[in-house]
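This report covers selected features of one protein model. Please keep the sequence and the structure in view while reading.

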Amino acid sequence: DAEETACEDADLALAVIAPDAGSSYSWTPTDFITAGANAPNATANLPAGLATFTVTETDANGCQGTDEIEIDILSAPIVSAEDLMVCVGTPATLSIDQVAGITYTWLNESGAEVGTGTTVTTGNISSNTTFTVVGANEAACEGFDQVSVEVIDGAMPTVLTVDTTVCPGTLLTLPVTKTDDVVFEWSDTTGLSCTDCSLPMLVVEDMRIITLTERPLDINTGC
């Protein structure tokens with residue numbers, strides 16, 4: 001008899017030590033045997049819980065002997081991360097909520113590691129892709145989840161602004177040439193008649209530098 005531990009949903013090797021070349025072998029029960037049920041070396045894949053396998057040896061004379069192995073199948077961590085969208089040519093921030101006792105590793109589609117921990121920033125992404133997050137517990141059992149990253153091509157409409165010189169006290173409409181479907185965000189909004197429109201007015205008293213940020217109206221990613 002022997003007792004072992006293994007992780008759920010992972011291939012488990014069952015092996016007879018020093019098998020006799022003149023004997024045949026069989027493993028029971030066969031429910032979770034995935035290969036080698038009638039060989040000295042078998043492979044099993046089991047859910048969490050206690051499991052017992054019996055191996056029977058039959059020699060050339062038909063005589064039989066048996067042995068058992070009891071296996072404590074440990075639970076794998078549950079790993080769940082959210083899909084996300086990014087702007088074309090920008091990095092993705094991959095994240096997952098920390099669960100006590102679990103360490104996280106992130107892999108790209110090629111299986112290469114891109115980082116560890118609950119938050120990882122990738123390189124710039126130009127097309128849709130998928131990352132895998134692997135969570136491992138203290139028993140080295142692993143759970144997996146895939147994160148799909150959708151790339152949004154948020155090419156900006158043309159927005160042209162020009163520097164302007166006016167006398168103090170002048171009522172100025174900030175000059176912008178724009179296309180449709182643009183959301184405007186002005187910096188240094190003190191005195192502006194509006195902060196999210198295309199043509200705000202301002203009474204100019206001294207030199208001001210005002211920055212305009214724009215993004216497509218129908219995209220929530222901020223591209």
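## Two loop residues with positive phi

Ala-140 sits in the loop between β13 (129-136) and β14 (142-152); strands (E, at least two residues) and helices (H or I, at least four) are DSSP runs, numbered from the N terminus. Its phi is near 70°, a positive value in a residue other than glycine. Ala-140 counts as exposed because its relative accessibility is 55%; exposed means over 50% relative accessible area, buried under 20%, and partly exposed in between (1.4 Å probe, protein chains only).

Asp-9 is not a glycine, yet has a positive phi of about 55°. Asp-9 lies in the loop between β1 (2-7) and β2 (12-15). At 57% relative accessibility, Asp-9 counts as exposed.

## Basis of the model

This is a predicted model, in which local features need pLDDT of at least 70 and side-chain atom pairs count only at pLDDT 80 or more, while totals for chains, interfaces and linings use all residues. Residues are numbered from 1 along each chain as its sequence is written, and side-chain values use heavy atoms, with hydrogens and water left out.

## The chain as a whole

The protein chain has 20 strands and zero helices. Of its 223 residues, 32% count as buried. The chain exposes about 13,400 Å², and carbon and sulfur atoms supply 49% of that area; accessible areas come from the Shrake-Rupley method with a 1.4 Å probe, and for residues only the protein chains shown count as cover.

A contact means heavy atoms within 4.5 Å. Among contacts between residues at least 6 apart in sequence, 57% join residues at least 24 apart.

## A cis peptide bond

The peptide bond from Thr-28 to Pro-29 is cis, with omega near -10°. Pro-29 is placed in the loop between β3 (24-28) and β4 (33-35).

## Ser-23 and its partners

Ser-23 is in the loop between β2 and β3. With a relative accessible area of 14%, Ser-23 is buried. Leaving aside neighbours within four places in sequence, Ser-23 is in contact with Glu-57, Thr-58 and Asp-59.

From C-alpha to C-alpha, Ser-23 and Thr-58 are 5.4 Å apart in space, although 35 residues separate them in sequence. The side chains of Ser-23 and Glu-57 make a polar contact at 2.8 Å. A polar contact is a pair of N or O atoms within 3.5 Å; within protein, one must be able to donate a hydrogen and the other to accept it, and residues adjacent in sequence count only if both atoms are side-chain atoms.

## A nonpolar surface patch

Leu-171, Met-201 and Val-203 make a nonpolar surface patch of about 270 Å². Patches are made of residues with over 30% relative accessible area and no salt bridge, with nonpolar side chains (Val, Leu, Ile, Met, Phe, Trp, Tyr) joined within 5 Å and like charges within 9 Å. A salt bridge is a side-chain nitrogen of Lys or Arg within 4 Å of a carboxyl oxygen of Asp or Glu.

Leu-171 belongs to strand β16 (residues 170-173). Its relative accessible area is 57%, so Leu-171 is exposed.
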